[in-house]
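Colleague: Please take me through this model one point at a time, and give the cut-offs of each term where the term comes up.

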Amino acid sequence: MFPNMDPKTAELAMEQMKNMSPEQMQAMMNSMPGGMNPQMMSQAMEQMKNMKSEDWDTAKRQMANMSPEELSRAASSAQTQNTAQQRYVLDAAVLLKNQGNTLHSAGQYSEALEKYEKAKSNVADNPHQEATALKKACHLNLSSCYLNLMKYDKCVIECDQVLAADQENLKALYRRGQAYLHSKQWQAAVSDLERAYNLSASDPVQQKMIKEKLQESKDGRSISKNDDSPPGRPLYL
């Protein structure tokens, strides 16, 4: 909860909170910008895992006279610093994604990959909505890069990440369908491309492109079935 405090101070803060009344606890939570941040609590607990018994004693001496009001101000200050740091990292990730978009538009898919991967990594542990949306965009952009680089297995993996949370994502279905098509996984390709086709009704141009890929997948499936059929009964004279 106090990621910018040292572990000793953070532990004493926890001890102080145990002695707060419900009213004091609520007041502290309300005083923090945006309310109590669950991620900060997780970070504080992680900091305290390896503390020794003498560390607890030192912490108590350091903050023995801290009032609930002082604790609230310290927690609020820590959260403000944490939020500012997250904003800085998020802005840097957005910049990396935009650089990747420029490289992608120029057909430099390998270079774009590096930018998208770095952007995604920067916000990997950020639970906020803006960071989640950025990670989703990076997964989709990575799938496009892998598709263009003919790395179809990796394209499928990136699409899977998106579809796990958004089962009707048109871009992910279309790209995964194409990856399956090029991998000659005909039935999987037909399944994805049929779903993408139905979702693209509002965009006739895109729907036409999807239809062509869907038909190609169906043709491939038919040929494959014929190739796999058992030979005919031999003729006897």
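Modeller: Helices are DSSP runs of H or I with at least four residues, strands are runs of E with at least two, and both are numbered from the N terminus. This is a predicted model, in which local features need pLDDT of at least 70 and side-chain atom pairs count only at pLDDT 80 or more, whereas totals for chains, interfaces and linings use all residues. Residues are numbered from 1 along each chain as its sequence is written, and side-chain values use heavy atoms, with hydrogens and water left out.

Colleague: Is Ile 210 buried or exposed, and what is its relative accessible area?

Modeller: Ile 210 is found in helix H11, which covers residues 204-228. Leaving aside neighbours within four places in sequence, Ile 210 is in contact (heavy atoms within 4.5 Å) with Leu 170, Tyr 174, Leu 193, Ala 196, Tyr 197 and Ser 200. The residue is buried (under 20% relative accessible area, with exposed over 50% and partly exposed in between, for a 1.4 Å probe and protein chains only), and the relative accessible area of Ile 210 is 0%.

Colleague: How far apart in space are Ile 210 and Tyr 197, C-alpha to C-alpha?

Modeller: Tyr 197 is one of the residues that Ile 210 contacts. The two are 13 residues apart in sequence, and from C-alpha to C-alpha their separation in space is 5.9 Å.

Colleague: At what angle do helix H6 and helix H7 pack?

Modeller: Two packed helices are described by the angle between their axes and the distance between the axes. Here the axes are lines fitted to C-alpha atoms over the stretch in contact, and angles run from 0 to 180 degrees between N-to-C directions. H6 (residues 109-122) and H7 (residues 129-148) have axes 9 Å apart and pack at an angle of about 160°.

Colleague: With which residue does Lys 120 form a salt bridge?

Modeller: Side chains of opposite charge can pair when their charged atoms come close. A salt bridge is a side-chain nitrogen of Lys or Arg within 4 Å of a carboxyl oxygen of Asp or Glu, and for Lys 120 the closest N and O atoms are 3.7 Å apart, the partner being Glu 158. Lys 120 lies in H6 and its partner in helix H8 (residues 152-165), so the pair ties together parts that are 38 residues apart in sequence.

Colleague: How far apart are the closest N and O atoms of Arg 176 and Asp 192?

Modeller: Arg 176 lies in helix H9 and Asp 192 in helix H10, so the pair ties together parts that are 16 residues apart in sequence. Arg 176 is buried, and so is Asp 192. In their salt bridge the closest N and O atoms are separated by 2.6 Å.
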